[in-house]
Protein chains: 2
Amino acid sequence: MNQPHRSTAFLTDMYELTMLDAAIQDGTAERDCIFEVFGRRLPNERRYGVVAGTARVLDAITHFRFTEEQIATADFLSEECKDYLRNYRFSGQVDGYREGELYFPYSPIMTVRGTFAECVILETVILSILNSDSAVASAASRIVSAADGRPIIEMGSRRTHEQSAVAAARATYIAGFDATSNLEASLRYGIPASGTSAHSWTLLHVDEDGQPDEKAAFRGQIDSLGTDTTLLVDTFDITKGVENALEVAGTELGGVRIDSGDLGIVSRRVRKQLDEAGAFNTRIIVSSDLDEFAIAGLRGDPVDGFGVGTSVVTGSGAPTAGLVYKLVEVNGYPVAKRSSGKVTYGGGKSALRAYRSSGVAVAEVVHPLGIDVPRKPNLEYREMTTPLIRDGEIVDNQPSIEDTRALHAAARKTLPWEGLALSRGEVAIPTHFIGFPEPTE
Amino acid sequence: MNQPHRSTAFLTDMYELTMLDAAIQDGTAERDCIFEVFGRRLPNERRYGVVAGTARVLDAITHFRFTEEQIATADFLSEECKDYLRNYRFSGQVDGYREGELYFPYSPIMTVRGTFAECVILETVILSILNSDSAVASAASRIVSAADGRPIIEMGSRRTHEQSAVAAARATYIAGFDATSNLEASLRYGIPASGTSAHSWTLLHVDEDGQPDEKAAFRGQIDSLGTDTTLLVDTFDITKGVENALEVAGTELGGVRIDSGDLGIVSRRVRKQLDEAGAFNTRIIVSSDLDEFAIAGLRGDPVDGFGVGTSVVTGSGAPTAGLVYKLVEVNGYPVAKRSSGKVTYGGGKSALRAYRSSGVAVAEVVHPLGIDVPRKPNLEYREMTTPLIRDGEIVDNQPSIEDTRALHAAARKTLPWEGLALSRGEVAIPTHFIGFPEPTE
């Protein structure tokens with residue numbers, strides 16, 4: 001993984017450092033703490049969420065080092081605190097869900113154990129990564145379901161921050177997209193890159209009188225990329241565009257892309273035109289503000305692949321996952337904010353997922369860390385919580401991105417059928433808290 | 001400006017490079033082109049948009065250089081194309097709206113002139129930056145209006161990609177926010193940083209029996225940050241929290257922060273409690289999923305400042321600005337995609353903004369580049385289009401972030417009063433196209 005290893009330490013809210021400083025002053029900095037990442041609900045009444053960003057978090061934690069320039073700027077800190085930052089390296093433990101896993105309300109996605117000082121200042125960067133990557137992966141997974149096996153290219157880089165675009169490409173690939181338009185993501189993570197041409201390519205090809213020459217554009221693309229390329233046929237008139245494409249490329253043309261109009265109607269008309277011309281193998285790729293609902297609406301249409309941009313990189317209506325990082329245990333004592341309407345079980349936690357023998361998931365079982373809980377004999381259980389960092393070092397045998405992608409595909413298959421519904425509704429499986437004392441008011 | 005100067009060249013869609021390669025092959029690469037950045041509409045029927053990211057775009061363009069590692073990965077390109085990339089530097093012209101300006105549908109926000117080859121490959125990074133930064137600034141400007149002069153701290157870093165958070169902090173500051181929680185943004189752009197403490201700070205303070213000790217937490221914070229700090233009083237019980245805060249800090253306490261509950265009701269109750277205790281100068285800061293509508297709803301309440309997170313960094317319902325980068329002119333000929341329902345005036349453009357003598361804006365006047373258009377004698381006009389890059393070099397005298405922030409504040413004052421409405425509705429001022437031939441069908 002070719003990650004940029006700049007310091008991640010200032011991707012942090014100021015109050016993390018002022019709390020650290022105050023803790024050093026009042027003697028609480030070295031208390032043993034457990035912080036937990038979880039979400040209280042799924043955005044937009046979705047049925048499941050997808051954990052993404054874990055590998056990026058582990059990387060960010062192990063590269064959380066303060067530079068002298070950063071420390072010099074932090075003139076609001078005591079000298080003692082600055083010395084602490086100079087020597088900072090996380091030496092605690094991180095456990096959590098595997099990247100690519102499904103999660104539900106109160107799933108303990110990640111647990112960070114160590115001193116208050118070393119754990120508190122990781123909050124912002126951990127949440128930034130998990131909230132953005134999980135938002136994208138959660139949307140992407142629904143889009144993959146809707147596409148029903150047809151390939152999807154992620155092409156949303158231009159609709160989100162330039163570095164967010166790289167992480168988004170990674171998250172969509174984990175969730176089952178097939179390729180990305182983003183070159184940096186391809187270079188950094190080994191994701192297949194894909195792309196052909198834009199409307200500007202066709203518009204560039206004017207003749208000596210400044211008149212459009214679509215055939216010249218198609219010819220130039222074919223000469224450069226071969227007949228198997230995909231030609232964008234909707235710059236002027238789609239029927240004429242397809243005609244021009246076939247005239248230039250012949251019936252072995254790889255594909256045509258349609259980026260406007262009612263994609264159901266247009267794809268059926270274009271399929272007919274292609275078939276009548278004998279171009280039976282020419283694929284139809286569609287794009288243009290597609291989200292999971294638009295794609296589901298094309299299930300019966302002759303579409304061979306999708307390009308998805310804006311919707312997926314912005315989380316398709318839920319641009320952040322709403323995960324929080326909460327202190328749940330201090331020196332062995334469970335702690336929790338008192339809030340009406342929020343479940344607040346303090347203490348470190350682990351989770352099991354219970355399945356029927358058919359492999360269908362039936363419940364998320366959250367229990368106190370290190371406590372065995374009774375298991376029902378008719379169900380099978382899987383440990384959701386795995387070690388990620390031990391004594392500050394990333395645990396060996398981290399999965400490759402391909403492993404993570406396969407894990408997600410397998411996990412999605414365990415959802416009960418209601419869990420794949422795109423509509424708003426109930427969470428796919430309930431979360432049970434087992435082995436906790438009754439919450440106090 | 002302390003920017004990270006890594007190569008920006010791979011923050012790019014693959015098809016930009018395959019088009020470049022094809023253009024080198026078919027002889028169109030050196031055609032003179034004009035690309036234009038604009039939006040066809042404002043998201044969510046808003047009244048105006050805010051241009052942000054311009055300075056970051058200029059930086060990205062001048063650091064758009066391909067590394068050997070990148071070129072080696074691009075095995076889908078011809079050797080000729082790889083040589084072009086090795087020697088790439090943008091040597092063309094960029095004009096556009098000043099950062100911080102208002103924009104409307106079809107405002108020509110940025111115009112890039114040069115050869116097809118040098119302009120086309122900048123598309124993705126230009127749009128990534130302008131779409132994300134303008135989305136945040138546009139939301140932030142509405143939030144600033146709603147806050148009606150009361151200060152706002154941006155604290156949304158944890159809800160967006162870790163680098164997007166830095167850019168978002170910058171965009172909110174331009175739009176009129178007063179400070180950010182994000183340390184990297186403070187270091188990189190000189191934005192005031194702000195922050196006090198989280199619930200974890202209070203929860204950390206348990207006594208020997210593991211029981212909560214809110215007063216110990218408040219004491220620790222006061223000892224470290226002084227009496228002028230802001231104490232977070234809603235971890236357990238707000239009334240008791242305020243009582244504890246005053247007991248520890250006295251009536252000179254700087255502020256209390258409330259992060260949950262009905263903020264109108266709670267702020268009134270807390271103000272009463274503070275006043276009755278004589279803490280007349282203790283400020284009330286509120287946070288908790290605030291957006292422009294929630295803030296507007298608190299206009300009559302005794303709130304002295306706002307912390308805004310999720311909503312602003314995700315564009316408050318519009319996470320991307322929807323700006324596009326379109327080829328509008330080739331070798332002096334206007335070009336445009338044919339699309340029903342879209343205004344498509346080809347050719348390079350400039351814009352004026354027309355004002356009444358009172359200073360209120362009345363229209364955006366878009367006209368062909370380099371053509372003087374008739375001006376109405378009863379209106380005043382301002383040139384919106386300014387030179388940003390000349391022959392590849394950023395034009396001298398770029399504004400500081402403080403200048404940009406002041407420019408935005410002044411621009412917002414020119415909106416007609418309907419333009420400040422938070423509700424969905426008409427664009428604040430119409431866009432007139434003057435001096436173009438009638439569009440052809």
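This is a predicted model: local features need pLDDT of at least 70, side-chain atom pairs count only at pLDDT 80 or more; totals for chains, interfaces and linings use all residues.
How much area do chain A and chain B bury between them? The two chains bury about 7,800 Å². Carbon and sulfur atoms carry 60% of that area.

Start with the residues that give up the most. In chain A, Arg158(A), Leu183(A) and Leu204(A) lose the most area to chain B. Together they make up 10% of what that side buries. The contact itself involves 93 residues of chain A and 93 residues of chain B.

Next come the charges. The rule finds 8 salt bridges across the interface of chain A and chain B. Arg158(A) takes part here too: Glu16(B) forms a salt bridge with Arg158(A). The closest N and O atoms of that pair are 3.5 Å apart.

Which helix of chain A gives the largest share of the side that touches chain B? Helix H1 of chain A, residues 14–26, supplies 11 residues. By class, that side of chain A has 38 nonpolar, 34 polar and 21 charged residues.

Now consider how the copies are related. The same surface serves both copies, as 100% of the contact residues of chain A recur in chain B.

An unreviewed UniProt entry lists residues 11–131 of chain A as "domain: Nicotinate phosphoribosyltransferase N-terminal". This span of chain A is 41% helix and 18% strand. The C-alpha atoms at the ends of residues 11–131 lie 14 Å apart.

Over all chains, a search of the whole structure finds 58. One of them joins the side chains of Asp304(A) and Arg271(A), at 3.9 Å from N to O. Asp304(A) lies in the loop between helix H13 (292–296) and strand S11 (305–308) of chain A, and Arg271(A) lies in helix H12 (residues 263–276) of chain A, so the pair ties together parts that are 33 residues apart in sequence.

Key
Residues are numbered from 1 along each chain as its sequence is written. Chains are lettered from A and ligands numbered from 1 in the order in which they are written. Side-chain values use heavy atoms; hydrogens and water are left out. Contact means heavy atoms within 4.5 Å. Buried area is the accessible area (1.4 Å probe) that two parts lose on being put together, summed over both. A salt bridge is a side-chain nitrogen of Lys or Arg within 4 Å of a carboxyl oxygen of Asp or Glu. Helices (H or I, at least four residues) and strands (E, at least two) are DSSP runs, numbered from the N terminus. Ala, Val, Leu, Ile, Met, Phe, Trp, Tyr, Cys and Pro count as nonpolar, Asp, Glu, Lys and Arg as charged, and the others, Gly among them, as polar. UniProt positions are given in the numbering used here, feature names are shortened, and annotations may be inferred rather than shown by experiment.
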